[in-house]
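Dear colleague,

I am passing on the structure that I have been looking through, and I would be glad if you could read my notes beside it. The notes follow directly below the structure.

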Amino acid sequence: PVLDTEDAWLSVEGPVSIVELALEQKRVHYPLVEHQFVLCTILYAIMRLSLKAVKPLSLFDSKGKNAFFKDLTSIQLLPSGDMDPNVLSLRQQFLLKIVSAAVQTLCSSQKDSEVSEEEYFPFEKGKNWPTLAADLAQYLQISEDLVRRHYVCELYSYGMDHLGEE
């Protein structure tokens, strides 16, 4: 971008402006940033829902694992459309664990009449973990319908039929 400046500012001495510094930075490779975001979301879900026995890097193939340790400005080979069926199975199991844990947490918080969902997750007002799992499914090449069906089944199994019907 072209930045027009007034003549009075051209003779100013001092450190370089933050705008000029920002323009000199290399551009990031957006798919690599998105790949990092998926990992951060997975790690946050594991932590927040207290999921046990989950190895986050096992959800990625060798290209995906190597991409995590590269500079964000470099153009890396990211996972292609063809995935190992074992990795896809692990991803599917992980997403279903997220949904199950979210429904279990929701049911346990609703059974405690004093504790509302907002109090149980104070910084996550409005966060819908099953929807997040469905969004992650798109990035992890898993069918969103499979995740949504599992969510409905979990709601029915915990006796929350009114939510399952919706």
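I18 lies in helix α2, which spans residues 18-24; helices here are DSSP runs of H or I with at least four residues, strands are runs of E with at least two, and both are numbered from the N terminus. This is a predicted model, in which local features need pLDDT of at least 70 and side-chain atom pairs count only at pLDDT 80 or more, whereas totals for chains, interfaces and linings use all residues. Residues are numbered from 1 along each chain as its sequence is written, and side-chain values use heavy atoms, with hydrogens and water left out.

I18 counts as exposed because its relative accessibility is 69%, where exposed means over 50% relative accessible area, buried under 20% and partly exposed in between (1.4 Å probe, protein chains only). Together with L3, V19 and L23, I18 forms a nonpolar patch on the surface, with about 390 Å² of accessible area in total. Such a patch joins nonpolar side chains (Val, Leu, Ile, Met, Phe, Trp, Tyr) within 5 Å, from residues with over 30% relative accessible area and no salt bridge; the areas come from the Shrake-Rupley method with a 1.4 Å probe, and for residues only the protein chains shown count as cover.

**The chain and helix α7**

The chain has 9 helices and 0 strands, and 31% of its 166 residues count as buried. In helix α7 (residues 129-139), the buried residues are W129, P130, A133, A134, L136 and A137. They line one face of the helix, since they fall within an arc of 160 degrees seen down the axis of α7, the arc being that of the directions from the helix axis to the C-beta atoms. Just after α7, Q141 takes a positive phi of about 60 degrees.

**Helix α8**

The buried residues of α8 (residues 144-157) are V147, H150, E154 and L155. They cover an arc of only 140 degrees around the axis, and therefore sit on the same side of α8. The exposed residues R149 and C153 are carried by the face of α8 turned away from its buried side.

A search of the whole structure finds 1 salt bridge, a term for a side-chain nitrogen of Lys or Arg within 4 Å of a carboxyl oxygen of Asp or Glu. The side chains of R148 and E144 meet in a salt bridge at 3.5 Å, N to O; both residues lie in helix α8, 4 residues apart, about one turn of the helix.

Technical notes
Expected span 1.5 Å × (residues − 1). Patch = residues over 30% accessible without salt bridge, like charges linked within 9 Å, V, L, I, M, F, W, Y side chains within 5 Å.
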